Amino acid sequence: MLRNKVALVTGAASGIGRAVAEAFGREGARVVLADIAAKDGAAVAEALRQRGVDASFREIDVCDPGQLESLVKFAVREHGRLDIACNNAGIGGPTTPIADYPPEDWRRVIDVNLSSVFYGMKFQIPAMQDSGGGAIVNVASVLGLAGSANVCAYTAAKHGVIGLTKAAALECSAQGVRVNAVAPGFIRTPMIGRHTSVPAHEEMLKALHPIGRLGMPEEVAELVVWLASDRASFVTGACYPVDGGYLAR
């Protein structure tokens, strides 16, 4: 589905990002993985290479626009083009009411979860236009489509990702760059491990999903692959939930 495409994935060392990188590789893409977790990211890239995937890893801090620019330049220098990007890097932040939310944590969550998507697209879009077109998939959240108490920065950032996705789609779809978002529900990743480590908390999270369980990273990755492929050639500016019915409640 993605044979000979060049794809980059941020936050690729674990969770959804890892699953997306693996799915891109399975479908024939050459994959550039990026994460601040250098050891884990390099291990994922090596595992992909052992499966015959053309995979490389770059350690980056997505809060630094210069590093995201360098990541895009690396992909183009190594492979001659950029066709696909999945802006996935993200963090959860504290669970606390707005009145008690530390400003430094607010800034950090907004930087990682929202500003990094802007920085990424700022450099990805021109590179894709130079390559004749491409597809960007931004990872938002069901909390970008619904409110949630005590996670104000995360909720605000993910709402922002969806708005940013729509703005980018309006700007560049006619030039051959499609931009979409996915909105996962609660997915079994390291990010939510602190919640699922307590059985009662895990059951509470499962109950939020009519399907009766948490999602798996691979289930999100399948949707990302489709949106990144030519099979979604008339899809842009959209946000697709993959949430086990969370938003249907």
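1. A residue is called buried here when its relative accessible area is under 20%, and partly exposed when the value falls between that and 50%. The model is predicted, and what follows should be read on that basis.

2. N88 has a relative accessibility of 10%, so it counts as buried. This residue sits in the loop that joins β4 (84–87) to α4 (103–130). Apart from neighbours within four places in sequence, N88 contacts T10, G11, I16, G17 and V139.

3. The salt bridges come to 11 in total. One of them pairs the side chains of R18 and E22, at 3.0 Å from N to O. The two residues are 4 apart in helix α1 (residues 15–26), which means that about one helical turn separates them. R18 is partly exposed, because its relative accessibility is 33%.

4. R26 and E222 form another salt bridge, with 2.9 Å between the closest N and O atoms. R26 belongs to helix α1 and E222 to helix α8 (residues 217–228), so this pair ties together parts 196 residues apart in sequence. Both partners are partly exposed: E222 has a relative accessibility of 41%, and R26 has a relative accessible area of 48%.

5. In helix α3 (residues 65–79), E69 and K73 are 4 residues apart, about one turn of the helix. Their side chains meet in a salt bridge at 3.6 Å, N to O. E69 has a relative accessible area of 30% and is therefore partly exposed.

6. Salt bridges also link R188, E202, E203 and K206 in a network.

Notes: Residues are numbered from 1 along each chain as its sequence is written. This is a predicted model: local features need pLDDT of at least 70, side-chain atom pairs count only at pLDDT 80 or more; totals for chains, interfaces and linings use all residues. Side-chain values use heavy atoms; hydrogens and water are left out. Buried means under 20% relative accessible area, exposed over 50%, partly exposed in between (1.4 Å probe, protein chains only). Contact means heavy atoms within 4.5 Å. A salt bridge is a side-chain nitrogen of Lys or Arg within 4 Å of a carboxyl oxygen of Asp or Glu.
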